[in-house]
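Subject: Structure handover

Dear colleague,

I am passing on a structure for you to look through, and below it I have written out what was found. Please keep the structure open while you read.

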Amino acid sequence: MKPTLTLSQFGFSQRKIFVLFGFLVTCILLTVLIDFLESRFQNYGFYLSESLLFSSYWWIFLPLWYGQLSLLETHKTKVRFALIVLIPIIIHLFAFPGLVWLISSVFYTHTFEFGQTFEFGLTQHFFKIFLLYTIPIGLYAFFRDRIRDFQSQNNSISKEANDFLTSLKVREGNKQLQIPTKDVFYFSANPPYVNVHYKDKKHLCNITLKSLSEKLDLRFFVRIHKSEIVNLIHVQSYKSRQNGDYDVTMDDGTELRLSRNFAKDFKSKLEILTQDKL
């Protein structure tokens, strides 16, 4: 069964259609008002029926704008985008005199000739038509692409977050334990292994500290020394040694040395984590 297209597939909702329709009705009423005021200032007759007929110039925007936005979702090249902009302009220039001719020939005593109305639309409305079929669609495409890029980056970050190492296998005697990384206090190098300091015990893990650092979530784990990585969640406090280095106290009371080379990264990440907790 062939799937049916809906307005929502093109980013349209009934509310948006009503807003667009309301905008066009407002433009039509303003056109009639301007015609009326001009007739009074320049002392010529005002005919409501003719003013409404020529305000059909605005009616054509609704279907063509809808077509533009619908086709925009399928464009892949700059050439197609240019056609999406130019084709509605051409259609509008010919549809306006055609619509005026058709309506006037059916409902009016006087038929307005196609050529005369075409010339009127070209001289009076071309600039507005050009702007209204280029600026809105250009802005829509610009912000749509920016929003999609932003969403893509967020999805990428989310995906990467799911790829972080969340647990480690360690051996305790004849048993193998699965330790959640979030509960590890810190890791220390013991080449070619790593000591995993978990609660009040130390376990040996068959991995290097460098390899481990590439798999950890660096929002929470930070290197404080060339041989140690701490879990910021379990950092209780830190104080200066007055020589550029610091003493870091963990939740279990363990004191570790923070090298001056890693101090800036440690403090900035700890500050961000602390703010997020507030």
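Predicted model: local features only at pLDDT ≥ 70, side-chain atom pairs only at ≥ 80, totals over all residues.

Ser 56 lies in helix α3, which covers residues 56–59, and, leaving aside residues up to four places away in sequence, Ser 56 touches Phe 96, Leu 99 and Val 100.

The next helix to look at is α4, residues 61–72, whose twelve residues should span 16 Å at 1.5 Å a residue, and this agrees with its end C-alpha atoms, which are 16 Å apart. Several residues of α4 are buried, among them Phe 61, Leu 64, Trp 65, Gln 68 and Leu 72. An α-helix has 3.6 residues a turn, so residues three or four places apart point the same way.

Which residues touch the most other members of the largest nonpolar core? In this core of 24 residues they are Trp 58, Phe 61, Ile 129 and Tyr 133. At least two residues of the core come from each of α1 (14–41), α2 (48–54), α3, α4, α5 (78–107) and α6 (114–162), and α5 gives the most, with six residues. As for Phe 61, again not counting residues up to four places away in sequence, Phe 61 touches Leu 24, His 92, Ile 129, Leu 132 and Tyr 133.

There is also a second, separate core of 16 residues, which includes Tyr 186, Leu 256, Leu 258 and Leu 270. In soluble globular proteins, nonpolar side chains tend to be buried together.

With best wishes

Definitions and conventions: Residues numbered from 1 in each chain as written. Heavy atoms only, no water. Helix = DSSP H or I, 4+ residues; strand = E, 2+ residues; numbered from the N terminus. Contact = heavy atoms within 4.5 Å. Expected span 1.5 Å × (residues − 1). Buried < 20%, exposed > 50% of the residue type's maximum accessible area, 1.4 Å probe, protein only. Core = buried A, V, L, I, M, F, W, Y, C linked by side-chain atoms within 4.5 Å.
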